[in-house]
Amino acid sequence: MLPPPGRLTVREYFEEWLAGTEHRLGPLTVRTYRDRINLRILPHLGDRQLSKLQPLDLQRLYRRLLDDGLAPGTVRFIHRVVHKVLEDAVRLGYLPANPAARVDPPRTVQDTAGAALTAEEARRLLEAARGDRLEALGILALTTGMRQGELLALRWRDVDLDGGTVRVTGTLVRLDGEYRIQEPKTASSRRAVKLGELASAALRAHRQRQLEERLRAGPAWHDLDLVFCREDGYYLNARSAVKWLDELLKRAGIRKVRFHDLRHTAATLALASGVDVRTTGALLGHASAKMTLDVYSHALPGAAAAAAAAIDAALRR
């Protein structure tokens with residue numbers, strides 16, 4: 001039984017709401033809601049009293065999720081979940097009004113497509129990172145298009161330097177104050193990514209540097225097999241990665257972009273260089289070529305004109 005409305009926490013209400021969906025919604029939908037609520041909402045807002053939840057709390061949540069590397073489209077979906085759950089709270093008399101109704105959700109990737117770095121900016125960023133202990137993190141982000149959480153969850157067992165590939169097998173999440181590596185939610189996200197010479201060389205140098213750090217740390221080393229970690233081997237959190245990138249951008253004299261925009265940069269450079277949409281989508285872990293086109297059609301300058309010219313040429317034969 002739920003406590004009185006004045007003492008009801010966000011966690012208690014959301015968990016009760018989830019329990020009530022089991023018989024009303026399909027299992028896939030229930031699982032999606034449960035994952036978003038337990039992993040993205042409750043760790044930040046769960047202890048707050050439901051009756052005191054304000055629009056500013058939700059704005060701060062969305063900003064933090066974006067800073068942690070989530071795509072704007074993912075945060076928009078989380079906003080829709082929050083709005084739906086709180087709308088039911090209004091209907092049931094727990095809230096006088098829905099605070100989510102007064103919050104503007106983040107813009108989608110298409111609206112922020114200009115955030116991708118140019119090729120010249122990307123080169124300057126890598127030059128600024130030269131010799132940095134996390135240089136390989138920047139190189140992999142720009143050359144593989146891996147998500148921030150995927151990079152921070154990468155383990156050496158998933159790296160094949162001789163074969164020049166890395167396997168994406170998880171993403172780093174923080175749940176109830178503890179870090180853990182969660183399996184990818186879709187089959188397309190679980191993938192093998194081919195490494196170029198730049199990334200392979202960076203990982204070899206990074207491994208040597210990490211071995212030296214491990215020797216210095218001695219018994220204090222956390223043996224988690226992580227490729228990118230703190231100097232004691234423990235998980236490198238998303239905020240630290242974002243802070244590192246911000247300092248790197250400042251050093252390189254480049255406008256501020258999000259960590260997630262390094263993924264956009266990789267995709268944009270690939271498509272602009274002539275890599276086909278299906279291959280680029282597979283690199284990113286997209287479920288379909290349509291998804292890649294929907295997000296990155298801006299990176300195909302002249303594609304429509306080229307298609308028209310190709311049709312003309314075929315008809316003139």
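These are my notebook entries on one predicted model.

**Entry 1: the whole chain**

I started with the overall count. The chain has 317 residues, and 45% of them count as buried. I then listed the secondary structure and found 13 helices and five strands. Next I looked up how far apart in sequence the contacting residues are. I took contacts in the chain between residues at least 6 apart in sequence, and 63% of these join residues at least 24 apart.

**Entry 2: the cores**

Which residues have the most contacts inside the largest nonpolar core? I found Leu125, Leu203, Phe228 and Phe259, in a core of 48 residues. H9 gives the largest share, eight residues.

I went back to Leu125 and left out its neighbours within four places in sequence. Leu125 is then in contact with Leu117, Leu142, Leu245, Leu248, Leu249, Ala252, Ile254 and Leu262.

Leu126 lies in helix H5. I looked up its contacts, again without residues up to four places away in sequence. Leu126 touches Gly138, Ile139, Leu142 and Leu198. I also checked the distance from Leu126 to Ile139. The two are 13 residues apart in sequence, and their C-alpha atoms are 6.9 Å apart in space.

Is H6 mostly covered or mostly exposed? I found it mostly covered, with nine of its ten residues buried. The buried ones are Glu135, Ala136, Leu137, Gly138, Ile139, Leu140, Ala141, Leu142 and Thr144. Gly145 follows H6 and has a positive phi, near 70°.

**Entry 3: His206**

I found His206 in helix H8. His206 counts as buried because its relative accessibility is 3%, and the cut-off for buried is under 20%. I set aside residues up to four places away in sequence and listed what His206 touches. The list is Arg133, Ala136, Trp156, Val227 and Phe228. Phe228 had already come up, as one of the residues with the most contacts inside the largest core.

**Entry 4: the loop between H8 and H9**

I looked at two residues here. His222 is in the loop between H8 and H9. At 33% relative accessibility, His222 is partly exposed. Which residues does His222 touch, not counting those up to four places away in sequence? I noted Asp232, Gly233 and Tyr234. His222 and Asp232 are ten residues apart in sequence, and 6.1 Å apart from C-alpha to C-alpha.

Asp225 lies in the loop between H8 and H9 too. Its relative accessibility is 25%, so I put Asp225 down as partly exposed. I marked its backbone angle as well: Asp225 has a positive phi of about 65° although it is not a glycine. I marked it because most residues other than glycine have a negative phi.

**Entry 5: Tyr62**

Tyr62 is found in helix H3. Is Tyr62 buried or exposed? I found it buried, with a relative accessible area of 2%. Without residues up to four places away in sequence, Tyr62 touches Val75, His79, Val82, Val103 and Pro106.

**Entry 6: a pocket**

I turned to the second largest pocket. Its volume is about 250 Å³. I counted 14 lining residues, and Leu66, Asp67, Val242, Lys256 and Arg258 lie nearest the centre. Helix H3 (55–67) and H9 each supply at least two residues of this lining. What classes make up the lining? It has five nonpolar, one polar and eight charged residues.

**Entry 7: helix H11**

Last, I checked H11, which covers residues 277–284. Its buried residues are Val277, Thr280, Gly281 and Leu284. They are on the same side of H11, because they cover an arc of only 100° around the axis. Just after H11 comes Gly285, with a positive phi of about 85°.

Notes. Residues numbered from 1 in each chain as written. Predicted model: local features only at pLDDT ≥ 70, side-chain atom pairs only at ≥ 80, totals over all residues. Heavy atoms only, no water. Buried < 20%, exposed > 50% of the residue type's maximum accessible area, 1.4 Å probe, protein only. Helix = DSSP H or I, 4+ residues; strand = E, 2+ residues; numbered from the N terminus. Arc of directions from axis to C-beta. Core = buried A, V, L, I, M, F, W, Y, C linked by side-chain atoms within 4.5 Å. Contact = heavy atoms within 4.5 Å. 1 Å grid on protein atoms, 1.4 Å probe; cavity = no way out; pocket = protein on both sides within 12 Å on 5 of 7 lines; lining within 4 Å. Points joined across faces, edges and corners; volume = space filled by probe spheres on them. Nonpolar A, V, L, I, M, F, W, Y, C, P; charged D, E, K, R; others polar.
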